[in-house]
Amino acid sequence: MAKTKTTFFCQNCGTQYAKWQGQCSSCRQWNTIVEELIQKTDEKDWRSSENPKKQPVKPLRIQEIDGTAETRLSSGNMEFDRVLGGGLVPGSVTLLGGEPGIGKSTLLLQIALMIPYKTLYVSGEESQKQIKMRADRIHSDSENCYVLTETKTQQIFRHIEKVEPEIVVIDSIQTLQTDFIESSAGSISQIRECTSELIKFAKESNIPVILIGHITKEGNIAGPKILEHMVDTVLQFEGDTNYVYRILRALKNRFGSTAELGIYEMQGSGLREVNNPSEILISKHDDQLSGTAISATLEGMRPLMIEIQALVSTAVYGTPQRSCTGFNIKRLNMLLAVLEKRAGFRLGAKDVFLNITGGITVDDPGIDLAVVAAILSSNEDIAIEKDICFAAEVGLAGEIRPVQRVEQRILEAEKLGFAQIFVSKQNNLPENKGNIRIHRVSRIDEVASLLFG
Ligand code: TYD
Ligand code: MG
């Protein structure tokens, strides 16, 4: 087969070079020069050239275009479907990114085994036997799941023509290699070429393709940023590997919202869907402990009850320590300053530790009031009653500010059996709603006296 011609381009300024060099002489950036394909041949088509030529597309009036929504392929995994916006769109390309060991292969193998369509799971990382062992571990079996260990895209397309799958999974894009480029697997030009071949295949065959992508130390999907532009949907699987909970979220979605969130629990036998996340994020103590407060927060569109734990103690060393997990340290320092200045609590000489249980990270400002309540509860060493929760932001003047979608948060709190919720006065809510009593407060000191007398 005739080798196609490649050349080198700077990814930053576009200058062309005959061979690779470390620094671009034009824009002076380092490591931006990559090999790219310049001569396209017919062979590059994912089909062999004997196939009848595709009909050329012509411009249509917008009224003439068939607008009926494409039927989506449901994966049978509710959390996964929700994040996609209701299932896989035919012909779409989805990229699933995540740190090593987070469970990307497990999630997609589980879906491949569960989905009621013929699936081809292509792995460039594990042997068929290893995949079978994993399938045994998650106690799943399927007549419709084909497994292939292969890294050459041309071979993969050949197998696809034989197997005729309805869904293709590639684990991972960094291991693939096309014959048209000489550089090694995982290099930027390989990743880009293989992705564009797969996209072309998906669009022409209407078969959805899911790609697994590795993440670099900085948290980006390894490979060119352009990869994220090329695919239709970018999903991220995240979580702390020390904890069992995993969160699936959409960073980009051409066919749905990016606000949805899927939650899983990693068990000995695969990933379990967590349909009611609030229940697991709140620890069930029999006795009340000081320093904990529950917040009604939102993750995307989904209401979520989370538990915040604070520990306030006299600083042993000169400089008091402040540390938090799952919460922004700058915001913690701001809230402590507000407590000191606006409500007269002497916290300047105390160590403050803050923790959001379950290993999740929250950036909803609506958890401010719960953070403040947890800190005060630990400082006073008085427990907050178990049936109380909070949903409000705290401003620099010590005022309690309203949060968005407060009704949804209250509904979730009531569903989980909370009897009282603290919200901002500006939310304009009645005093009671169903079985829940609504405390409308406007200042921190008001909250402190209601809680601790
Ligand atoms: P894996 O899917 O291989 O991660 P990735 O493809 O993202 O690199 O998941 C690996 C981790 O998941 C590994 O540390 C073991 C754990 N695991 C379980 O706890 N239970 C299981 O049933 C499986 C299959 C894996
Ligand atoms: Mg893997």
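Predicted model: local features only at pLDDT ≥ 70, side-chain atom pairs only at ≥ 80, totals over all residues.

1. Let's start with the surroundings of ligand 1. Its shell holds 16 residues, and the closest are G101, S105, T106, Q267 and G270. Sorted by class, eight residues of the shell are polar, four are charged and four are nonpolar.

2. The backbone is worth a look here. A polar backbone atom of K104 sits 2.8 Å from an oxygen atom of ligand 1. For G270, a backbone N or O atom is 2.6 Å from an oxygen atom of the ligand, and for I102 the corresponding distance, again from a backbone N or O atom to a ligand oxygen, is 3.4 Å. As for cover, ligand 1 on its own has 560 Å² of accessible area, and the protein covers 74% of that.

3. Which elements give two or more residues to the shell around ligand 1? They are α2 (104–114), α3 (128–137) and β11 (261–267). Helix α2 provides the largest share, with three residues.

4. Moving on to helix packing, two packed helices are described by the angle between their axes and the distance between the axes. For α9 (residues 368–380) and α11 (residues 444–452), the axes come within 11 Å and cross at roughly 50 degrees. An angle under 35 degrees would count as roughly parallel, and one of 65 to 115 as roughly perpendicular; α9 and α11 are therefore oblique to each other. Their crossing is right-handed.

5. Do check the peptide bond between D171 and S172 in your viewer. This bond is cis, with omega at about 0 degrees. S172 belongs to the loop that runs between β7 (167–171) and α5 (188–205).

6. D381 is placed in the loop between α9 and β17 (388–390). Helix α9 is also a member of the oblique pair in point 5.

How values were computed. Residues numbered from 1 in each chain as written. Chains lettered and ligands numbered in written order. Heavy atoms only, no water. Near = heavy atom within 4 Å. Polar contact = N/O pair within 3.5 Å; in protein donor to acceptor, adjacent residues only side chain to side chain. Areas by Shrake-Rupley, 256 points an atom, 1.4 Å probe, with all protein chains shown as cover. Helix = DSSP H or I, 4+ residues; strand = E, 2+ residues; numbered from the N terminus. Nonpolar A, V, L, I, M, F, W, Y, C, P; charged D, E, K, R; others polar. Axes fitted to C-alpha atoms, helices over the stretch in contact; angles between N-to-C directions. Parallel < 35°, antiparallel > 145°, perpendicular 65-115°, else oblique. Left-handed = near helix turned anticlockwise from the far one by under 90°.
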